[in-house]
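The following note is written for a reader who is meeting this structure for the first time. Please keep the sequence and the model in view while reading the numbered points.

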Amino acid sequence: YNSFTGDDHLLKESFHTVSETGITARPALDLISTADDYESKINLQYHDKTVNLKSIMSVMSLGIGKNADVVISADGDDEEAAIADITNKMKELGLV
C-alpha cells in the first residue's frame, strides 16, 4: 500500500488485495464500521468507480476480488486517523 496526498489535501492510500475472496460482505461491514467512526468523507475507488466507504450497498457494488488495486481516500479534520485506522483494519482482516 502507498500513501499520498492530492492537490486539495485529500489523503489517499492505495492497496492491493490479497484475500482469496476479495472484499466480501463481512469484511466490508467491518471496514464500514471503522469508517463510520470518523467525520471525514471517506471513499473507496476501484477501477474508474468511486463510492462512499460508509455505504454497504456502494461498497458491494464494486465487486472487489483478489488481486484488485483499490484506493481509499479521506477528506476532513480526522482524515489521517481515519486512513490509519482503515489501513490497520484491512491488514487485520487479511485483505492486504
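1. Helix H1 (25-36) has 12 residues and reaches 16 Å from its first C-alpha to its last, close to the 16 Å expected at 1.5 Å a residue. The expected span is 1.5 Å times one less than the number of residues. Helices (H or I, at least four residues) and strands (E, at least two) are DSSP runs, numbered from the N terminus.

2. The model is predicted: local features need pLDDT of at least 70, side-chain atom pairs count only at pLDDT 80 or more, and totals for chains, interfaces and linings use all residues. Residues are numbered from 1 along each chain as its sequence is written, and side-chain values use heavy atoms, with hydrogens and water left out.

3. Which residues of H1 are buried? They are Pro 27, Ala 28, Leu 31, Ile 32, Thr 34 and Ala 35. Because these residues cover an arc of only 160° around the axis, they lie on the same side of H1; the arc is that of the directions from the helix axis to the C-beta atoms. Buried means under 20% relative accessible area, exposed over 50%, and partly exposed in between (1.4 Å probe, protein chains only).

4. The buried residues of H1 pack against E3, H2 and H3, where contact means heavy atoms within 4.5 Å.

5. His 47 has a positive phi of about 55° although it is not a glycine. His 47 lies in the loop between strand E3 (41-46) and strand E4 (49-52) and is exposed, with a relative accessible area of 60%.

6. Asn 67 also has a positive phi, of about 65°, and is not a glycine. Asn 67 is partly exposed, with a relative accessible area of 48%.
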